[in-house]
Structure formats: C-alpha cells, structure tokens
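Please find my notes below, as numbered points.

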Amino acid sequence: MSRVYNFSAGPAVLPEEVLQEAADEMLDYNGTGMSVMEMSHRSKAFQEIIDTAEADLRELMNIPDNYKVLFLQGGASSQFAMIPMNLMKNGVADYIITGQWAKKAYQEAQKYGKANVIASSEDRMFSYIPDCSDLPVSDDADYVYICENNTIYGTKFKQLPDTKGKTLVADVSSCFLSEPVDVTKYGVIYGGVQKNIGPAGVVIVIIREDLITEDVLAGTPTMFRYKIHADAGSLYNTPPAYGIYICGKVFKWLKKQGGLTAMKKRNEEKAGILYDFLDQSNMFHGTVEAKDRSLMNVPFVTGDKELDAKFIKEAKEAGFENLKGHRSVGGMRASIYNAMPVEGVKALVAFMKKFEEENM
C-alpha cells in the first residue's frame with residue numbers, strides 16, 4: 001500500500017526516512033540484539049540515545065548553557081499545572097488567550113493562584129493575534145503565558161509580546177522546530193512532540209535554570225517538580241524511551257535538511273502555495289487574518305457545510321487524510337508540519353482546484 005498525504009494536526013506525519021530507520025532497527029538497535037522499546041533506560045545504549053538527542057536539540061535551537069532540556073511525560077496539558085506549581089512564587093500569572101489550549105492552561109492555573117487574562121482574541125473566534133505591544137502586565141506577575149501557534153485556529157505570534165520584564169512562558173507544541181527561535185527571550189519554552197517531532201507521549205521542556213528551585217507550591221507532587229527531573233537528567237523514573245529515540249532521529253533529520261533556517265524557508269514555501277490558492281479561490285477561503293497566519297496549521301472553509309463534508313470525503317478517497325477541521329471551527333484544516341513534503345501541498349492544491357471546477 002502506498003503512503004497517503006497525512007494532514008493530521010497530531011499525532012502527525014513523520015519523515016519517511018526516520019520511520020524507515022526505526023523499522024530497520026526494530027529488532028536490533030545498533031548491535032544490542034534488542035529493540036529500543038525493550039531496552040533498560042538505565043543502560044549505556046539508552047543513555048547515549050538521550051544524551052545525543054539533547055545535544056542535537058541544543059545545537060538546532062542554539063540553547064544556552066543556563067537552560068535545562070527535560071524529556072517528560074504527560075503531554076503539553078500536564079504543563080498547564082506544572083508551570084504554576086513551580087513558577088507561581090507570588091501566586092499571580094498573566095495569560096494571553098488566543099485559543100482553546102491557552103484557555104485551558106489559564107483555567108488550570110486558576111487552581112493554584114490568581115490568573116489574569118491580559119489579552120484575548122476570543123471575541124472573533126480566535127481568528128487573530130491581539131496587539132501585545134503594550135499589555136497591562138501585573139506588577140507582581142510571576143510570568144506571562146502564551147500559546148505561540150494555535151493548532152485549532154491557525155494563528156501564530158509573529159512577534160512575541162512585550163512582557164515588561166516578566167518571564168515569558170510559551171507552549172510551542174505545533175510550531176516546535178519549524179523556524180529559528182531566540183531561546184533567551186523565554187523563561188520556559190515547551191511542547192508536546194506529536195505534531196512536529198515524534199510520537200505522542202513526550203513533552204519537551206526547555207527551562208532557564210534560575211526557574212528550577214525547591215520552592216514550589218505546597219502539595220506539588222514529586223513528579224511535577226522540575227528540579228526532580230532536572231537533577232536526574234530526565235531519568236527520575238522510566239521515561240518515554242522509544243518516543244525520545246524517535247525524537248532524536250528527527251533532530252538528526254532536521255540537521256541533515258540544513259537546520260531551522262532551512263526548515264523555515266521550506267515551511268514558508270509550502271504555506272505560501274496553499275495560502276496563495278485560498279486567496280484567489282472562489283470557493284475556498286481561509287479563516288484567519290492574513291498577518292497572523294500560521295505556517296503549520298491552515299484552516300479553510302467553503303461556507304457551505306454540505307460542500308465541506310463532500311470535499312473531506314472526496315479528498316480522503318483521493319489519498320488526502322485528516323483534513324476535517326476541529327469540531328469548534330468546522331470546515332477543513334491542513335496541518336503542514338516539517339515532515340509534510342512540498343509535493344503533498346502541491347497535490348492538495350491541485351485537488352482543490354479540480355474540486356472547485358467540478359462543484360461551482
């Protein structure tokens with residue numbers, strides 16, 4: 001069976017080369033006579049896997065030495081609680097709500113202290129990023145929180161908010177490693193890997209060392225303390241070992257592609273092909289303000305629910321999978337992460353043109 005073009009928002013498409021390598025090593029990793037799936041996380045072979053993965057990620061993102069890289073479990077959603085538990089020293093945090101995930105993080109933070117909404121785009125169905133150049137940042141805020149790329153709604157912060165000196169915490173789940181970032185602008189940058197990096201089950205947290213302390217909220221579970229994981233090199237308990245191994249392979253693949261500058265160029269080209277078509281189409285149109293469009297997630301609609309359903313059905317039959325939009329937005333969504341080849345986007349646009357001609 002041939003591979004389909006998988007436009008899923010996550011778990012999402014992985015580089016074919018990586019999948020092939022993993023398949024080749026499934027029964028015998030590097031002469032160990034066993035799969036990484038069966039391997040002790042205390043073994044020399046696995047220590048090398050996690051150390052190499054961290055080194056390659058540090059190189060790709062140019063992560064400074066005063067930041068720790070943690071490979072954790074619980075998905076990005078566990079961080080909604082872990083962040084306030086570890087960072088809310090004054091019991092106050094400011095949240096910018098640009099979609100469902102930022103909203104969920106804000107709701108979770110309310111359990112642990114005073115969470116303030118200092119900007120939101122909910123008034124227009126999260127179809128834009130609010131102006132964050134002069135925010136009413138709380139004097140005693142421990143941090144300002146954003147979700148940098150909004151998977152469901154297809155928006156992206158092109159400019160980071162002015163946090164007025166407060167620590168910036170960012171969920172980058174759906175734009176992780178899609179373009180170069182200046183890690184020093186963040187206190188915490190984290191994301192679930194199942195969109196752009198690896199299989200579900202791993203969350204990567206990049207955190208400045210001064211934010212990792214013993215001083216956490218009373219009652220914080222041991223497993224929710226950054227210090228526990230940082231001190232143990234992400235091996236306090238059995239980590240999601242196989243997932244980390246795949247992430248490591250994706251980091252190697254990214255380096256081979258030319259790193260994050262090359263990926264940004266490729267991602268801009270892919271998104272440009274799709275957005276250019278949407279902008280001139282008489283049937284399909286995007287749902288997001290042009291200036292805030294994501295390179296990773298592209299939602300679009302026809303304006304007719306029956307036509308949307310017909311398109312999704314016929315697209316699936318033609319080998320374009322997972323194009324149905326999130327239930328809160330409807331319509332369609334094409335997630336075009338790093339591993340989606342430009343041919344996939346071109347093929348989708350050709351199919352959309354044909355569908356438009358046949359159904360107008």
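1. Strand E8 (residues 167-171) is mostly covered: five of its five residues are buried. Buried means under 20% relative accessible area, exposed over 50%, and partly exposed in between (1.4 Å probe, protein chains only). Strands (E, at least two residues) and helices (H or I, at least four) are DSSP runs, numbered from the N terminus. Both faces of E8 are covered. Thr167, Val169 and Asp171 are buried on one side, Leu168 and Ala170 on the other.

2. A word on the basis. This is a predicted model: local features need pLDDT of at least 70, side-chain atom pairs count only at pLDDT 80 or more, and totals for chains, interfaces and linings use all residues. Residues are numbered from 1 along each chain as its sequence is written, and side-chain values use heavy atoms, with hydrogens and water left out.

3. Which strands pair with E8? Strand E5 (residues 143-147) runs parallel to E8, joined by five bridges. Tyr143 has Thr167 as its bridge partner in E8. Strand E9 (residues 188-192) also pairs with E8 in the parallel sense, over three bridges. Here Val169 is partnered by Val188 of E9. Pairing requires that DSSP finds at least two bridges between two strands.

4. The structure holds 16 aromatic pairs. One of them, Tyr95 with Tyr106, is tilted: 6.1 Å centre to centre, 55° between the planes. Tyr95 lies in strand E3 (residues 92-97) and Tyr106 in helix H4 (residues 100-109), so the pair ties together parts eleven residues apart in sequence. Both Tyr95 and Tyr106 are buried. Rings of Phe, Tyr and Trp (its six-membered ring) pair if their centres lie within 6.5 Å; planes under 30 degrees apart count as stacked, over 60 as edge-to-face and the rest as tilted.

5. Tyr242 and Tyr245 are three residues apart in helix H6 (residues 241-257), so about one helical turn separates them. Tyr242 is buried, as is Tyr245.

6. One aromatic cluster is formed by Tyr5, Phe7, Phe277, Phe284, Phe300, Phe311, Phe320, Phe351 and Phe355.

7. Asp182 sits in the loop between E8 and E9.
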